[in-house]
Each structure stands twice: as structure tokens, then as C-alpha cells.
Amino acid sequence: MQGNESIGNINLCSQVCRKSLSGCLVGPDKGFYNGGVTNNSTQIDSNLVVSQIQAFARELGFSQIGVASVDLSSAETGLLAWLQQGFHGDMAYMASHGLKRARPTELVPGTLSIITARMDYLPRATSDGWQTVEIARLSQPPEGIVSIYARGRDYHKVLRNRLQQLSDRVAFLIGPFGHRVFTDSAPVLEAELAARSGQGWRGKHTLLLNREAGSLFFLGEIYVDVSLPVSDPVQAHCGTCTACIDVCPTRAIVAPHRLDARRCISYLTIEHAGAIPLEFREPMGNRIYGCDDCQLVCPWNKFAQRSVLPDFDPREGMSGQQLVVLFEWTEAEFLKRTEGSPIRRIGFDRWQRNIAVALGNALRQGVDVTAALRRYADHPSALVREHVLWALAQNM
Ligand code: SF4
Ligand code: SF4
């Protein structure tokens with residue numbers, strides 16, 4: 001995801017801020033937030049500060065800003081139960097941080113508020129009826145499916161960079177303040193914080209849903225040592241719908257709002273380092289990185305918004321590519337083609353492991369991919385080799 005500086009308007013930053021400072025916000029003669037302490041000589045309208053942050057954020061490609069309180073104590077019971085049931089699989093970092101995820105002030109001492117940010121990621125050129133197109137692709141065994149969010153630039157890089165730019169602008173507006181930006185990068189209860197700050201509600205698939213944007217967006221946070229007015233949460237709108245639960249190929253949504261990550265194809269293809277359990281290989285179908293099924297069937301995603309950034313446009317080979325072509329990539333080619341992409345994070349062996357499973361599923365459905373698989377029957381990686389041999393055995 002190469003940065004799109006045409007949207008960021010970095011060079012306009014100081015102009016935007018000066019304009020604000022000359023207005024009704026905090027100017028040099030009106031006092032600053034400084035290290036989280038409001039200058040007592042001046043009453044600062046924090047609602048106006050939030051409005052200005054929202055305006056900055058829109059210029060940086062974010063769709064919505066909210067403010068959450070640091071009190072997540074009511075989420076602790078659910079988090080502990082999820083961990084105790086082992087639903088996090090081998091994502092050991094989830095357990096090792098324990099309740100720090102639900103205690104923002106333990107993660108970043110001095111935090112008084114959390115600014116939450118939402119950024120839509122549906123690629124710019126996405127046609128209407130994209131859900132139907134994506135669902136149809138799942139019935140094309142020779143094609144490898146990469147989750148929509150991962151077809152472009154690594155969102156970690158995009159969001160972190162833009163959250164930092166947003167923080168810089170806020171500092172210019174209110175003065176120096178303590179802050180730390182996060183996006184899927186630390187023990188942060190992202191969806192919970194977003195839900196509490198009015199960004200949407202938790203769908204039965206556990207992702208956040210927004211009435212105007214569905215669920216195809218990234219989340220990020222800025223922990224700040226400034227007290228800001230908390231945004232109102234919104235009501236849930238899933239009603240009696242169970243489409244996401246019913247469609248899940250591996251039955252990973254074990255109950256409304258409860259996901260067993262160990263069964264989820266997103267987890268298995270991305271986070272899970274070892275062999276993919278046999279029971280999940282056939283349900284994986286042709287999904288080689290992530291899974292969008294529960295989002296594709298969600299009625300609210302007819303409102304999913306296209307990104308204003310080019311960063312999430314699909315790169316060559318990441319959409320509509322044949323499995324045998326992807327399987328031929330050398331490690332050097334994999335590293336080159338996935339530079340700046342989230343896919344690079346899983347490494348070459350996991351990438352080939354996933355493709356081998358999809359090729360096995362294609363073979364079972366009568367697509368002759370035997371030659372491509374045989375080439376790797378003595379693959380130097382024991383992990384890949386085992387999956388290739390499993391795939392060859394699907395030729396019934
Ligand atoms: S991402 Fe796929 S496997 Fe995971 S819960 Fe959703 S539908 Fe199920
Ligand atoms: S598919 Fe239905 S139940 Fe699932 S998140 Fe969407 S609206 Fe809620």
C-alpha cells in the first residue's frame with residue numbers, strides 16, 4: 001500500500017491548523033493542552049476539538065472518528081471467558097497480555113481518552129454487485145481467493161502513518177500531548193472500543209458493523225492523555241438474521257457474538273503456523289489468505305463504502321489469479337510481489353501450504369493440477385511437503 005499523499009495533504013497541515021487556531025478553538029492566547037493538562041486559565045471547548053479532529057481525519061482518508069472512555073471493565077469477563085475456552089488458538093500474545101487489553105491505562109499509563117478511527121477499504125474500482133461476484137469466485141476451484149482487505153497495501157502501514165499524521169495535526173492545534181497510535185498492533189480491544197465510541201455495533205460474526213458502511217473497514221486508535229467527550233454508542237441492528245453463522249464453512253461462529261478462532265479460515269490461513277487440521281482443509285475450498293464469507297452474506301454490506309485511497313486497490317496476482325500460477329512463485333518472487341503487502345507477514349511456507357490445500361480441493365473437483373503439485377512432492381519444507389502429499393491424495 002504505497003501512501004497516497006494526494007489525499008493526505010500533508011503540506012496543508014499547518015494551514016489547516018492555523019485556520020482553526022484563528023477561529024474559536026485554542027489559540028496561543030487561549031491556552032493549550034500540554035502533556036494532558038488543560039491550561040486552567042482557559043476554558044477549552046473539547047467538543048470543538050473533537051469536531052476539528054474529525055475534519056482532519058476526513059482529509060486523511062478516515063471515514064469516522066469517535067472517542068471512547070478508558071473504562072472497559074465490563075468487557076473483562078467476556079475476554080477472560082474467551083481466553084479460558086482457548087478460542088484464541090495459538091495466538092499466544094492474546095493470552096500473554098491478559099487483561100491489559102481491557103485496561104488501557106495499564107497499556108499506556110496516563111491515558112485519559114481513546115480516539116477511535118475507521119477507514120473504509122473496499123477498493124476504489126469495485127463494481128456494484130461485488131458481493132455476488134465474490135461469492136461466485138468461491139465456486140471457481142482453479143482460482144486462489146485472497147481476502148479483499150489484503151489485496152492491496154498493508155493496512156498496518158497505511159493506518160499507522162495516517163494516525164500519526166492526525167496526531168501531529170492535533171498537537172499543532174492543542175499543543176503537545178501524550179499519545180500512542182495503534183492499529184491491530186498491540187493488546188487493544190479494537191472492536192469493543194469502536195463499538196463504545198459510536199462507530200457501529202458488534203455483529204453476530206463479532207466484527208463491527210456500521211449502518212452506512214457495513215463491515216469492510218479497518219480500525220485504529222490513538223491513546224491520548226487528554227480528556228475528550230465520549231461518543232454515544234449506537235444500537236445493534238442484526239435482529240433475527242443469522243446469515244453469517246449459517247454460511248461459515250467451518251462453523252467457527254459457535255454462537256452469536258462468539259468466534260472460535262481455531263476454526264476460522266482467517267486464523268488458519270494467516271495466524272496459524274503449523275499444519276492445518278485435516279477437518280478444515282476441505283472447507284477451506286480455494287481460500288488461500290483469509291476468508292470473507294461471513295461478510296459477503298451480511299445484508300449491511302450493501303452499504304460498504306469504497307476507499308478514497310488507492311492503497312487498497314488490488315495488486316497484480318492478488319485477485320483472480322490461478323492457483324497453479326501462484327504456486328509457481330519462487331520465494332524471491334513471493335517476497336518481491338508481497339513487498340508492503342500484509343501477505344508477506346505469513347512467510348513463504350505458509351503461503352505455499354495454503355495454496356497446496358486449495359490445489360488439493362481443486363483436484364478433488366476434477367481440475368487437473370497434479371503436475372503443479374508433483375513438482376513440490378519433495379519440497380524442502382516438511383510443512384509444505386505434507387500438505388502437497390495430502391493434496392495429491394485428493395485425486396479420487
Ligand atoms: S471468516 Fe470465514 S471461517 Fe471465519 S468466521 Fe467468517 S465465514 Fe467463518
Ligand atoms: S449477517 Fe446478519 S447476523 Fe451476521 S452480522 Fe450481518 S446482520 Fe448480523
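This is a predicted model: local features need pLDDT of at least 70, side-chain atom pairs count only at pLDDT 80 or more; totals for chains, interfaces and linings use all residues.
Trainee: How confident is the predictor in the protein chain?

Mentor: The mean pLDDT is 87, and 88% of the residues reach 70 or more.

Trainee: What makes up the secondary structure of the chain?

Mentor: It comes to 18 helices and 12 strands. Of the 396 residues, 41% are buried.

Trainee: Why is Ser113 called buried?

Mentor: The label requires 20 or more other C-beta atoms within 10 Å. Ser113 has 23, so Ser113 is buried. Ser113 lies in strand β4, residues 113–120.

Trainee: How do you know that Ser113 and Leu228 are in contact?

Mentor: A contact needs C-beta atoms within 7 Å, and Leu228 is on the contact list of Ser113, along with Val67, Val70, Val224, Val226 and Ser227. That list leaves aside neighbours within four places in sequence. From C-alpha to C-alpha, Ser113 and Leu228 are 6.1 Å apart, although 115 residues separate them in sequence.

Trainee: What share of the contacts join residues at least 24 apart?

Mentor: Among contacts between residues at least 6 apart in sequence, 79% do.

Trainee: Why is Thr206 called partly exposed?

Mentor: Thr206 has 18 C-beta neighbours inside 10 Å, which falls in between, so Thr206 is partly exposed. Thr206 sits in the loop between β7 (201–202) and β8 (208–209). Its phi is positive, about 85 degrees, although Thr206 is not a glycine.

Trainee: What makes Arg251 exposed?

Mentor: The limit is 12 or fewer. Arg251 has 12 C-beta neighbours inside 10 Å, so Arg251 counts as exposed. Arg251 is in the loop between α10 (243–247) and β10 (253–255), and has a positive phi of about 55 degrees without being a glycine.

Trainee: Which residues have the most contacts inside the largest nonpolar core?

Mentor: Ile355 and Leu359, in a core of 92 residues.

Trainee: How do you know that this core lies between domain 1 and domain 2?

Mentor: Domain 1 (5–127 + 153–224) and domain 2 (250–290 + 314–392) both give residues to the core, so the core lies between them. Beyond its neighbours within four places in sequence, Ile355 is in contact with Gly144, Ile288, Leu323, Leu326 and Phe327.

Trainee: Which residues are closest to ligand 1?

Mentor: Cys248, Cys264, Cys291, Asp293 and Cys294, out of 13 that surround ligand 1. Helices α11 (265–271) and α13 (293–296) each supply at least two residues of that shell. The shell divides into nine nonpolar, three polar and one charged.

Trainee: Which residues come nearest to ligand 2?

Mentor: Of the 13 residues around ligand 2, those are Gly203, Cys238, Cys241, Cys244 and Cys298. The shell of ligand 2 divides into nine nonpolar, three polar and one charged.

How values were computed: Residues are numbered from 1 along each chain as its sequence is written. Chains are lettered from A and ligands numbered from 1 in the order in which they are written. A residue is near a molecule or strand if its C-beta atom, placed from the backbone, lies within 6 Å of it. Ala, Val, Leu, Ile, Met, Phe, Trp, Tyr, Cys and Pro count as nonpolar, Asp, Glu, Lys and Arg as charged, and the others, Gly among them, as polar. A nonpolar core is a set of buried Ala, Val, Leu, Ile, Met, Phe, Trp, Tyr and Cys residues joined through C-beta atoms within 7 Å. Domain bounds come from an automatic or database domain assignment. Two residues are in contact if their C-beta atoms, placed from the backbone, lie within 7 Å. pLDDT is the predictor's confidence in each residue, from 0 to 100. Helices (H or I, at least four residues) and strands (E, at least two) are DSSP runs, numbered from the N terminus.
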